[in-house]
Amino acid sequence: MIAEMIIDTEEFLAVLKRLKPRKTTKASLAEELYIAFFNGEAIYCVRGVQTRCLVEKAINWRGYIEVNSGVVLSFLAARPAGPTIKLSVRGDVFQIENIKVPCKTMQSPEWITAMSFEAHLHDDPKAKPHTINLYCPKCGKKRGEFFKQKIVKQRELGDPPPPKYPSSRRCTACRHEWLEFADVL
């Protein structure tokens, strides 16, 4: 496979911060990181944590790759200089900027890639969508629980201001709230 992705540097570093383990050990740095491209987004998965980011440009990226997570996470220590970062694959070699590491590639149609990465996101396809915990977009942990907001008709003097946007999920780890469009339907 010969492919490349161009991603905004700030967004790429935010993804790496979400994927970084709390405690860095040799075992956590030796784990495999999966990178895929689907529907205009790069999908990253390691240790059951999955996150996504927008891709500015992708050329011929089919399927996904498996690469050492420690090498990719090293970019948090040495920040790239440019406004964008280029991820490329040539055969069994993965390259970020000027660092080359061996990788395993799995070429597959886009729908198979989506199914395999969707299996990481959702537990049981027969379960109701409200009962499935989703990944938090802020911290990347699978702790996003469904909740129903209370609708307050009349505000009183000491009440907190109403939310700017309604939310349907709340992360139990970092308390971040977001609206999941699948919950609205």
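Residues are numbered from 1 along each chain as its sequence is written. Because the model is predicted, local features require pLDDT of at least 70 and side-chain atom pairs count only at pLDDT 80 or more, whereas totals for chains, interfaces and linings use all residues; side-chain values use heavy atoms, with hydrogens and water left out.

Helices (H or I, at least four residues) and strands (E, at least two) are DSSP runs numbered from the N terminus, and two strands are taken to pair if DSSP finds at least two bridges between them. An open sheet of 5 strands runs in the order β5-β1-β7-β8-β9, with antiparallel pairing. The edges are formed by β5 (57-59) and β9 (99-102), each of which has a single partner strand, so that one side of each is left without a neighbour in the sheet. Neighbouring strands of this sheet are turned by 15° against each other on average, direction ignored, where axes are lines fitted to C-alpha atoms, for helices over the stretch in contact, and angles run from 0 to 180 degrees between N-to-C directions. Between strand β8 (residues 93-96) and β9 the antiparallel pairing extends over 4 bridges, and Q95 stands opposite K100 in β9. Helix α1 packs on the sheet, touching β1 (2-8), β7 (84-90) and β8, and its direction makes about 95° with that of β1; contact here means heavy atoms within 4.5 Å.

Strand β2 (residues 32-38) pairs in the antiparallel sense with strand β6 (residues 64-68) over 5 bridges, and the bridge partner of L33 in β6 is V67. The pairing of β2 with strand β3 (residues 41-46) is likewise antiparallel and covers 5 bridges, with Y34 standing opposite C45 in β3. The hairpin of β2 and β3 has 2 residues between the strands, and N39 takes a positive phi near 55° in this hairpin.

The structure holds 1 cavity of 30 Å³ or more, a cavity being a set of points on a 1 Å grid over the protein atoms alone where a 1.4 Å probe fits but cannot get out, with lining residues having an atom within 4 Å of a point. The volume of the largest cavity is about 30 Å³, given as the space filled by probe spheres set on the points, which are joined across faces, edges and corners. Its lining consists of L16, L19, L33, V46, R47, S69 and L73, and the elements that give two or more residues to this lining are α1 (9-19) and α3 (69-73). The lining residues divide into 5 nonpolar, 1 polar and 1 charged, where Ala, Val, Leu, Ile, Met, Phe, Trp, Tyr, Cys and Pro count as nonpolar, Asp, Glu, Lys and Arg as charged, and the others, Gly among them, as polar.

Note on methods:
1 Å grid on protein atoms, 1.4 Å probe; cavity = no way out; pocket = protein on both sides within 12 Å on 5 of 7 lines; lining within 4 Å.
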